[in-house]
Amino acid sequence: MLARLANKRILLGVSGGIAAYKSAELIRRLRDAGAEVRVVMTPAAQQFITPLTLQALSGNPVHTDLLDPAAEAAMGHIELARWADLVLVAPASADCIARLAQGMANDLLSTVWLATRAKLAIAPAMNQQMWAAPSLQANLALLGERDVAVFGPASGVQACGDVGAGRMLEAVELADACAGLFATGTLTGRHVVITAGPTREALDPVRYLSNHSSGKMGFAIAAACIEAGARVTLVAGPVNLPTPDRVTRVNVTSAEEMLAAAQQAVAGADMFVACAAVADYRPRAAADQKIKKSADTLTLDLVKNPDIVAAIAARADRPFVVGFAAETEKVVEHARDKLVRKRLDMIACNDVARGDIGFQSDDNAMTVIWQEGEQVLEKASKAVIARQLVALMAERAAATGLQVRK
Ligand code: C5P
């Protein structure tokens, strides 16, 4: 269940109550599950626990003030509201619940609550008599009508000595409840490592050998994996593309750097997608100084680059491995041969003889091949093709024993 929190952005609102100490533990639980956490504290909350504690635990500055120009410049309340996938107020005091129910916007937390399109949840915490009060229950009913999830409260001994309903749920229960608000994707809880773009092989300090790969397909696959619930590491050669949301990007230049980065990232990963157009050869040695123009001809001495996808497939702890093949003739036959030779689980092959798809294009079409079958993905945008490919990867990986984590 907690795997559903991977890559999710949770805005934790902390209002004033003794249960605020449990928020510290909650932040840890959420982050352990892979969520990113930002914290908004009301002034009363800061009487119970310091912003510094929650800043250290969340790894992000804590937001406390609606009218602080410096904080607004760093990440304003509207940005914060847009950033979140879930706004959870824990603990939610009786006063805070009243203000959220009535749509007040006179502090940062209530303003963000109004300004967000994220999922909304509260974890009430208060004295049992306050919890039972008709006005509190009326406010709660209002929030319920607006699809606000209410986690708890639990019953038991209270800080004030009373016994009854009003204790905030424990951090582990709250983390589970948050996870329950998110759907399971086909790659939930999985770590996917992707190579993308070209590599550059230096000839001298100013020149290199490379190719026309744009990186678009690999970047689209990274975005599709995120959509499917995975954690993604994208090892990217030199390309001019923005990093897709929530993707961890590692920039490399040469094939040897790409191999080292891929080997490092793939330890413990579930899938490896080799989408990069790796240069097959590199100069035996890059010249220290710029090569001068003199003779009419110049011969380059090239050596073969390591085969990254084959190296990953040869690991004892190999993930599910997907390769790519760009062919101009006998497309499927050559790709099938590559599938076996490089010990891949799946290969996606492009017919690069077609001028309307491929390298620099925004569209693609491919035949996806695995040992027992194949499927044609008809021409579509790279984003659409990427989603279809990721669905196939998840299906085949599950068929070979990789189970989706709940
Ligand atoms: O052998 P060929 O270059 O056609 O194989 C293509 C596949 O192998 C792609 O998945 C590509 O990313 C991968 N590859 C690699 N390292 C290389 C060459 C290709 O990972 N040195």
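This is a predicted model: local features need pLDDT of at least 70, side-chain atom pairs count only at pLDDT 80 or more; totals for chains, interfaces and linings use all residues.

Student: How many helices and strands does the chain have, and what makes a run count as one?

Tutor: There are 15 helices and 19 strands in the chain. Both are DSSP runs numbered from the N terminus: a helix is H or I with at least four residues, and a strand is E with at least two. Along the principal axes, the C-alpha atoms fill a box of roughly 90 × 50 × 40 Å.

Student: Why is asparagine 364 called buried?

Tutor: A residue is buried under 20% relative accessible area, exposed over 50%, and partly exposed in between, using a 1.4 Å probe and protein chains only. Asparagine 364 has 2% relative accessibility, and therefore counts as buried. This residue belongs to strand β18, residues 363–370. Of the 406 residues in the chain, 51% are buried.

Student: What makes the approach of asparagine 364 to asparagine 350 a polar contact?

Tutor: A polar contact is a pair of N or O atoms within 3.5 Å; within protein, one must be able to donate a hydrogen and the other to accept it, and residues adjacent in sequence count only if both atoms are side-chain atoms. The side chains of asparagine 364 and asparagine 350 are joined at 3.3 Å, so the pair is a polar contact.

Student: Is aspartate 270 buried or exposed, and which side chain does it contact?

Tutor: Aspartate 270 has a relative accessible area of 8%, and so it is buried. Its place is the loop between α12 (255–266) and β13 (271–274). The side chain of aspartate 270 makes a polar contact of 2.9 Å with that of arginine 190, and the aspartate 270 side chain also reaches the backbone nitrogen of histidine 191 at 2.8 Å.

Student: How do you know which residues are around the ligand?

Tutor: A residue is near a molecule if one of its heavy atoms lies within 4 Å of it. The residues around the ligand include Ala274, Asp307, Phe324 and Lys338.

Student: What atoms of the protein lie by the nitrogen and oxygen atoms of the ligand?

Tutor: A polar backbone atom of proline 306 is 2.8 Å from a nitrogen atom of the ligand. A backbone N or O atom of isoleucine 308 is 2.9 Å from a ligand nitrogen, and a polar side-chain atom of lysine 342 is 2.9 Å from a ligand oxygen.

Student: What classes of residue make up the shell around the ligand?

Tutor: The shell has 7 nonpolar, 1 polar and 3 charged residues. Ala, Val, Leu, Ile, Met, Phe, Trp, Tyr, Cys and Pro count as nonpolar, Asp, Glu, Lys and Arg as charged, and the others, Gly among them, as polar.

Student: What makes the bond between alanine 90 and proline 91 worth noting?

Tutor: The peptide bond joining alanine 90 and proline 91 is cis, with omega about 0°. Most peptide bonds are trans. Proline 91 is in strand β3, residues 86–92. Another cis bond runs from glycine 152 to proline 153, again with omega near 0°; proline 153 lies in the loop between β5 (149–150) and β6 (154–157).

Student: Why is arginine 343 called partly exposed, and what is its phi?

Tutor: Arginine 343 has a relative accessible area of 48%, and is therefore partly exposed. Its phi is near 55°, a positive value in a residue other than glycine. Most residues other than glycine have a negative phi. Arginine 343 is in the loop between α14 (331–341) and β17 (346–351).

Student: Where is asparagine 7, and why is it called buried?

Tutor: Asparagine 7 is in the segment before β1 (9–14). Its relative accessibility is 15%, so it counts as buried. Asparagine 7 also has a positive phi, about 70°, although it is not a glycine.

Terms used:
Residues are numbered from 1 along each chain as its sequence is written. Side-chain values use heavy atoms; hydrogens and water are left out.
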